[in-house]
Structures are given as structure tokens and as C-alpha cells.
Amino acid sequence: ALYAYLTAVSARCVCANVKDRAGRLPIVPYTVRTLENGLRVGITGAVTNWVNRWEQPDTLAHFEIGDPFAALQSALAALRKQADFTVCLYHGGIEKDLNTGRLLSDTDENIACRIAEELDFHLLLTGHQHIPLANITYCGTHLVQTPASATHFAKIEVREDGSITSRLL
């Protein structure tokens, strides 16, 4: 089913920490898109490695889901040479209170704050916890997370001066 979907969709599947052991799925660690104004946007993504804990072994038999931080760090290093603006799609959540920095979870299930603290993506789109977050800058990275069940979507504006605003609609 995943193969049928990924080969039929008119989009690129970007996930830096998932490897298809069979080599059939069109998954890439990152991509670069050039906008009409010439801006080069680098996009990468990762899933929480806790997928390895949730899924049945037979479901994951043909996949290797590695460390998301290391994979994103590697993808970002490649994107820095090719892109003017970087976006990280992370199917994981935040592990700290964004106002106080207090640790909310001491597992590595959610590492969005670490990604923002240690990597310098311009925009970090998160999921997994479905906490409504918009128009937040954390450690220099603009952070957005939409709530569950597509009850809202995020409108994100990136201005020519590099400033970013977002809101949930």
C-alpha cells in the first residue's frame, strides 16, 4: 500500500532517517526547490525513532528507522551548500516547555527543542503531539505544530527580509 501511494502521488517523500531495505520506495533524505523569485528552499524530514517501539516487527521488516537527530544533522549539512532557506518536517514533538525551557520528557521520543537548539533550520514543522503551536520562535527557529484530525492548518509567511510569521486557521 505504501509503495502504491508513494509512486502514485505527485510529490516527493522526504524522510532522512527512514531507509527502505528493499530499495523500492522513492524516499529521499532531502530536496531543494527553487521558487519563482530564485529563493532556494531546502526541505528535509524525519520521524521519531519511537516508531520502532510502536510498530509490529513484521511491519518494519523492510525498513530501518534510524536516529532522527543524526539524520537531520547530515541532511542540513548538505542543504547548507544548496539552499537559502531550510525547512525541517519532523514527525515528533516538543520535549520542553517553550516558555521556561523546563524538560517535559526525558525520553528521546520527542526532540523538536533539541533540533531547534542544536541545528539551525529556519522553519521546523512538527507533529505527533498535535499541540497547537504557531508564531513561535525557539532558539532562532520558527516552530509550528498543528492540532489533531486536520481541525486547523497553518498559514506560514516568509518575508523577503527572512522574517517568518505563522498562524493556525
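Aspartate 120 counts as partly exposed, at 45% relative accessibility. On this scale, buried means under 20% relative accessible area and exposed over 50%, with partly exposed in between (1.4 Å probe, protein chains only). Please keep in mind that this is a predicted model, where local features need pLDDT of at least 70 and side-chain atom pairs count only at pLDDT 80 or more, while totals for chains, interfaces and linings use all residues. Residues are numbered from 1 along each chain as its sequence is written, and side-chain values use heavy atoms, with hydrogens and water left out.

What does aspartate 120 form with arginine 80? The two make a salt bridge, and their closest N and O atoms are 2.6 Å apart. The term stands for a side-chain nitrogen of Lys or Arg within 4 Å of a carboxyl oxygen of Asp or Glu. Side chains of opposite charge can pair when their charged atoms come close. This pair links distant parts of the chain: aspartate 120 sits in the loop between helix H4 (112-118) and S8, arginine 80 belongs to helix H3 (residues 68-80), and 40 residues separate them. The labels follow DSSP runs numbered from the N terminus, with helices (H or I) of at least four residues and strands (E) of at least two. Arginine 80 is also partly exposed, at 48% relative accessibility.

Lysine 96 is buried, with a relative accessible area of 19%, whereas glutamate 117 counts as partly exposed at 33%.

The structure holds 5 salt bridges. Among them is the one between glutamate 157 and lysine 155, at 3.9 Å, N to O. Glutamate 157 is partly exposed at 34%, and lysine 155 is partly exposed at 35%.

Strand S8 (residues 123-126) pairs with S10 in the parallel sense over 4 bridges; strands count as paired if DSSP finds at least two bridges between them.

The hairpin of S9 and S10 has 2 residues between the strands, and in it cysteine 139 takes a positive phi near 55°.

Is S10 (residues 141-145) mostly covered or uncovered? It is mostly covered, with 5 of its 5 residues buried. Thr141, Leu143 and Gln145 point one way from the strand, His142 and Val144 point the other way, and the residues on both sides are buried.

Rolling a probe the size of a water molecule over the atoms shows where empty space is left. A pocket, on a 1 Å grid over the protein atoms alone, is an open set of points where a 1.4 Å probe fits, with protein on both sides within 12 Å along at least five of seven lines; its lining residues have an atom within 4 Å of a point. The lining of the largest pocket comes to 28 residues, of which Val14, Cys15, Ala46, Val47 and His91 lie nearest its centre. The elements that give two or more residues to this lining include S8 and S10, along with helix H1 (2-8) and strand S7 (85-91).

To close, here is the setting for all this. The secondary structure of the protein chain comes to 4 helices and 12 strands, and 39% of its 169 residues count as buried. Along its principal axes, the C-alpha trace spans about 45 × 40 × 30 Å.
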